[in-house]
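Hi everyone, thanks for coming. Let's have the structure up on the screen and walk through it together.

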Amino acid sequence: MTHLSEEQLICRYYGESREEEEHLEACEQCRSSFRELQRALNLVNSYSPPERDSDYEARLWERLQSRLPARRQPRWASRLTWRQLAYGSAAAVLLTVVFYAGRHSATVTAPQAEAQVASFERRVLVSAVRSHLDRAQFLLSEFANARPPRRDEFVQVAVGEDEIHDLLEANRLYRHSAEQAEERGLAELLDELERLLMDLAHMERNLPAETVEALRERIVTAGILFRVRILGAEMREREKRLEPAAAGESL
Amino acid sequence: MLTAGRRLESNVWMQETEAAAVARARAGDGDAFRVLIERNGRGVFRLAYRLTGNEQDAEDVVQETFLRAYQQLEKYDGRASFHTWIYRIAANYAFDLLRVRRRFEHPRGEAGQDMEHVASRDFGADRIVYSGEVQDRLEEAMGKLTEQERTAFVLRHFEGLSIAEIGETLGAGESATKNSIFRAVQKLRRALEPVMGGVR
């Protein structure tokens with residue numbers, strides 16, 4: 001039997017390829033090598049930058065503000081009021097969620113300038129939701145792929161608290177949008193994801209075996225990781241369709 | 001679909017979203033750019049630190065990244081999320097910074113030799129606790145990666161960017177990008193071998 005190379009295992013770890021799945025199922029030696037790789041790469045997650053103060057962003061803005069060059073407003077922008085721009089934003093969110101759910105809205109009867117803003121923001125938002133689901137998938141995979149702990153063993157959580165909090169904050173944003181648009185499928189998935197992220201955010205960094213198993217149960221057995229993968233793939237498709245070259249084709 | 005009343009509620013909430021902030025900043029609203037800094041500043045710092053390995057350089061990268069982003073907002077076409085777009089700017093700048101630094105400050109031999117040095121270095125059991133030792137080894141091992149290996153690895157491992165996105169950032173093809181990640185993982189594993197016994 002030809003065993004998997006380190007490169008193949010690395011590809012499998014990062015989800016670049018699933019061709020190795022069958023071999024891993026059948027080969028204990030390669031499964032063991034993969035677990036070794038997981039342990040090493042999970043340990044790399046502990047490479048954490050120093051924490052910043054709570055007012056970091058405010059100080060950053062202070063430092064940058066005086067250095068920002070004056071911007072010349074585009075002609076269409078000077079003709080739009082703030083309310084109109086905000087309308088464009090809301091319309092873009094609604095459209096994003098509608099596209100996501102596969103329900104193609106008929107027409108947008110806004111003035112041309114607003115349509116430009118909405119079109120631009122729609123692409124931004126589809127990308128943002130896709131990127132969010134990618135990040136969530138990566139985090140959930142960390143737990144799903146972790147070696148099952150022995151009884152009475154404590155497991156160090158390798159994912160940084162800041163990363164979980166960032167993901168949680170973004171998730172709230174997208175869930176809220178989905179609820180506003182009454183898109184139940186997306187809202188339900190994000191709601192479930194949010195509850196999971198909230199639990200993760202409040203957990204100790206050292207988890208007992210039974211907690212880890214319960215998490216894996218929620219992530220793998222209950223299918224949340226699977227659904228995040230599927231919806232992420234759907235978003236990627238929609239993203240392609242919304243690229244400028246394809247704009248106007250199937251919107 | 002939403003009623004007009006619910007749309008108005010949605011408008012209020014949407015004023016704070018990133019997409020709206022990008023559109024407003026493009027239209028010349030400085031406060032909107034502040035929203036983008038508040039949403040992404042900490043994340044860009046974490047990326048910059050992992051790429052450069054020190055706080056001062058990371059802070060320089062953060063400031064330069066947001067200045068460049070502000071200057072190039074018109075070029076942002078929304079194909080990638082703003083988060084991904086600004087991370088690419090940061091990675092590009094950090095990549096250039098590391099290349100210049102290496103050229104002038106750290107002439108060194110084969111990367112493999114450096115890693116052997118890391119792997120064989122005696123860390124003394126009583127000097128630091130286990131997690132500190134891991135952190136030290138990682139700091140040093142990351143510092144020994146080439147600029148391309150480090151950037152590709154950080155973008156894939158910590159930021160979850162696709163191979164294509166990383167290749168675009170580095171100006172490298174898919175194969176070269178994958179090889180950079182492979183080499184980085186191999187080197188990091190070797191550097192961590194002495195402490196892996198502490199991981200169950």
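Among contacts in chain B between residues at least 6 apart in sequence, 64% link residues at least 24 apart; two residues are in contact here if their C-beta atoms, placed from the backbone, lie within 7 Å. Please keep in mind that this is a predicted model, where local features need pLDDT of at least 70 and side-chain atom pairs count only at pLDDT 80 or more, while totals for chains, interfaces and linings use all residues. Residues are numbered from 1 along each chain as its sequence is written, and chains are lettered from A and ligands numbered from 1 in the order in which they are written.

How confident is the predictor? The model scores ipTM 0.73 and pTM 0.55. Chain B averages a pLDDT of 76, with 74% of the residues at 70 or above; pLDDT is the predictor's confidence in each residue, from 0 to 100. In residues 1-16 of chain B, pLDDT stays under 50, and the model has 22 contacts beyond four places in sequence for them. Residues 106-128 of chain B are also below 50, with 25 contacts beyond near neighbours in sequence.

Chain B has 10 helices and 0 strands, taking helices (H or I, at least four residues) and strands (E, at least two) as DSSP runs, numbered from the N terminus. Of its 200 residues, 46% are buried, that is, with 20 or more other C-beta atoms within 10 Å of their own, against 12 or fewer for exposed and anything in between for partly exposed, all with C-beta atoms placed from the backbone.

Now to helix H9 of chain B, residues 163-170: its buried residues are Ile163(B), Ile166(B), Gly167(B), Thr169(B) and Leu170(B). They sit on the same side of H9(B), because they cover an arc of only 160° around the axis, the arc being that of the directions from the helix axis to the C-beta atoms. After H9(B) comes Gly171(B), with a positive phi near 70°.

Next, a helix pair: H8 (residues 147-157) and H10 (residues 174-192) of chain B pack at about 90°, their axes 8 Å apart. So H8(B) is roughly perpendicular to H10(B), a label for angles of 65 to 115 degrees, with under 35 roughly parallel, over 145 roughly antiparallel and the rest oblique. Among the residues making this contact are Phe153(B) of H8(B) and Ile181(B) of H10(B).

Last stop, chain A: Phe34(A) lies in helix H3, residues 28-44. Is it buried or exposed? Phe34(A) counts as buried, because it has 21 C-beta neighbours inside 10 Å. Thanks, everyone!

Note on methods. Axes fitted to C-alpha atoms, helices over the stretch in contact; angles between N-to-C directions.
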